[in-house]
Amino acid sequence: MKKVFIKYNPYKLETTISVDENPFIQKNNTYLQEWAEDLPKLLCERYSDQFFDITFYGPLADYADLKSIFSEYCLKHKTFNVLLDRIHVETVEDKIRRLDEVFQKLQDKSIDKLYTQEITDVFKQLHNNEIQVCVVAPMSVGKSTLINALLGDKLLPSKQESCTSLVTYIKEIDSPTDSWKVHVYGRSYENVTLKDMQRLNSDNSISQITIEGNIPFISDCHMRLVLIDTPGPNNARNQYHRERQQELLSHLSHSLIMYVMDSTFGTTDDDELLRSIIKERSGHNYLRDRFIFVINKMDERKQEDGPMEKTLADIRTYLKSLGIVNPLLFPVSALAALNIRMVQAQKADKELSEDTRWMVQKLNKRSYTQCERLAPLSCNSANKIVAHLKDNKDIYTEALIHSGIPFLEEALKQYAEQYANIVKIRTTVEILKELFQKSAENRAQKYKKEDGFKEKIMSPIEFSKESIKQVEDTLDSILDI
Ligand SMILES: Nc1nc2c(ncn2[C@@H]2O[C@H](COP(=O)(O)OP(=O)(O)OP(=O)(O)O)[C@@H](O)[C@H]2O)c(=O)[nH]1
Ligand SMILES: [Mg+2]
């Protein structure tokens with residue numbers, strides 16, 4: 001029997017595994033779930049043993065996943081044996097409580113007043129159970145179509161040329177019906193349709209709206225998903241709208257960016273937009289964790305484009321050059337998924353039904369357009385989706401699987417249920433540290449300028465520096481387990 005010790009810190013994305021006190025695996029920058037499926041096999045191969053006594057030092061939710069991975073392996077390999085135990089670590093709730101204590105401390109005004117409002121905003125976001133997923137891409141890559149596919153409804157306007165001109169927040173609410181309600185500058189309208197949305201989209205006086213309704217794939221999650229549709233860059237209607245869009249992008253500190261590309265990735269438009277978003281987050285660690293990349297329009301691939309793996313590898317190299325290592329890439333065909341769902345919900349007219357049937361046949365026939373193989377999900381999750389959907393056994397469901405959209409939905413669900421709070425805690429710590437840094441610089445400058453008053457202001461500065469240091473140490477310890 002081998003004794004295995006696994007220490008996993010999801011806040012710092014660090015995993016250390018030792019066997020009989022000798023180092024075995026050290027992984028950074030990935031969640032445990034992304035690779036732990038291979039762990040039983042790795043252990044058996046490396047140690048030629050079938051019996052492991054494992055102690056896990058990490059959060060309960062991750063322990064539960066590890067347990068199910070090992071149980072499954074035991075079922076398939078009858079000679080494999082495992083004992084599993086866990087050492088308790090601070091919970092998400094404990095960490096949020098400690099952050100609240102930091103917030104209380106900050107109220108004593110020893111920190112620069114200049115940043116008080118920003119700090120209040122950061123804490124508001126920490127406590128809100130909304131998860132914002134901001135969909136960003138150059139023009140016409142398929143942002144609105146992708147959101148429609150996730151909603152299973154043609155609600156957001158989309159067309160071949162530049163289309164979306166306002167920022168739309170789509171909030172998941174518990175709703176007994178599948179109708180949508182829109183809020184525009186203090187007014188609300190029920191039963192909103194695509195036509196209403198087209199009208200709002202072409203109204204020059206509006207730059208932002210909120211829609212509420214049932215987002216089917218995530219309706220049983222305790223966190224509230226908010227999808228944000230944005231205009232492609234250069235598409236915001238006028239200077240005012242462009243500024244609002246810029247403002248939005250710079251205030252997305254807590255949101256996940258779902259960045260959409262198509263086969264033209266890396267063009268000037270893409271480059272500029274992505275670089276500007278990355279710049280907003282520069283100085284933040286864990287950059288990779290702030291993005292999901294969606295590679296759309298896979299249905300348009302031709303055989304001569306070569307294997308999809310090659311395209312994804314090229315995108316990985318491109319993103320690495322921008323500082324995003326090991327990104328999550330989901331190849332999809334958003335339009336096909338949307339149309340299939342319209343047909344399945346009997347919302348498609350004759351023309352759309354015919355087009356969809358043709359699309360479905362194409363996706364089912366051409367293996368080089370099929371996305372499910374390359375979705376970065378654990379085999380377990382992927383198999384569950386396929387098994388669940390395949391209950392239907394019709395050609396539309398088969399094509400829906402090939403569209404890759406159900407896999408992206410599962411990843412968003414897992415993010416909401418498992419990772420969002422961790423990312424929120426980590427982001428709160430990072431932003432607070434950044435604000436303190438700025439505050440310290442600000443004070444140092446004041447100190448220089450007011451040279452003549454050195455004596456007078458010396459002690460408050462020293463006091464403040466010390467209290468900032470204390471807060472920073474507490475913040476660092478919150479990211480430990
Ligand atoms: N073949 C194919 N076409 C798609 C897909 N997704 C979107 N499109 C088409 O691409 C065009 C642009 O789609 P939109 O959803 O309007 O793109 P957008 O990114 O929201 O565009 P803007 O709002 O103008 O920035 C439309 O004609 C869509 O039908 C897809 O998966 N496959
Ligand atoms: Mg759009």
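The model is predicted: local features need pLDDT of at least 70, side-chain atom pairs count only at pLDDT 80 or more, and totals for chains, interfaces and linings use all residues. Residues are numbered from 1 along each chain as its sequence is written, chains are lettered from A and ligands numbered from 1 in the order written, and side-chain values use heavy atoms, with hydrogens and water left out.

The chain holds 15 helices and 14 strands. Helices (H or I, at least four residues) and strands (E, at least two) are DSSP runs, numbered from the N terminus.

**Whole chain**

- Of the 481 residues in the chain, 50% are buried. Buried means under 20% relative accessible area, exposed over 50%, and partly exposed in between (1.4 Å probe, protein chains only).
- The chain exposes about 23,800 Å², and carbon and sulfur atoms supply 49% of it. These areas come from the Shrake-Rupley method with a 1.4 Å probe; for residues, only the protein chains shown count as cover.
- Among contacts between residues at least 6 apart in sequence, 76% join residues at least 24 apart. A contact means heavy atoms within 4.5 Å.

**Five-stranded sheet**

- This open sheet runs in the order E3-E2-E1-E4-E5, with mixed pairing. Two strands pair if DSSP finds at least two bridges between them.
- Its edge strands are E3 (22-28) and E5 (81-87), each pairing on one side only.
- Neighbouring strands here are turned by 15° against each other on average, direction ignored. Axes are lines fitted to C-alpha atoms, for helices over the stretch in contact; angles run from 0 to 180 degrees between N-to-C directions.
- Strand E2 (residues 14-19) pairs with E3 in the antiparallel sense, over six bridges. Isoleucine 17 has isoleucine 25 in E3 as its bridge partner.
- Helix H1 (residues 39-47) lies across E1 (2-9), E2, E3 and E4 (51-57), at about 150° to E3.
- Helix H2 (residues 60-76) packs on the sheet and touches E1, E4 and E5; its direction makes about 175° with that of E5.

**Nine-stranded sheet**

- The order of this open sheet is E9-E8-E10-E7-E11-E6-E12-E13-E14, again with mixed pairing.
- Strands E9 (187-189) and E14 form the edges, and each pairs on one side only.
- On average, neighbouring strands of this sheet are turned by 20° against each other, direction ignored.
- Strand E6 (residues 130-136) pairs with E12 in the parallel sense, over four bridges. Valine 136 stands opposite tyrosine 259 in E12.
- Helix H5 (residues 143-151) lies across E6, E7 (167-172), E11 (224-229), E12 and E13, and runs at about 155° to E11.
- Helix H6 (residues 194-201) lies across E7, E8 (181-184) and E10 (208-213), at about 165° to E10.

**Helix H9**

- H9 has 14 residues (308-321) and should span 20 Å at 1.5 Å a residue; its end C-alpha atoms are 20 Å apart, which agrees. The expected span is 1.5 Å times one less than the number of residues.
- Buried in H9 are Met308, Thr311, Leu312, Ile315, Tyr318 and Leu319. Seen down the helix axis, they fall within an arc of 115°, so they line one face of H9. The arc is that of the directions from the helix axis to the C-beta atoms.
- The cover over these buried residues includes E12 (256-261), H8 (268-280), E13 (291-295) and E14 (329-331).
- Thr317, Lys320 and Ser321 are exposed on the other side of H9.
- Just after H9, glycine 323 takes a positive phi of about 100°.
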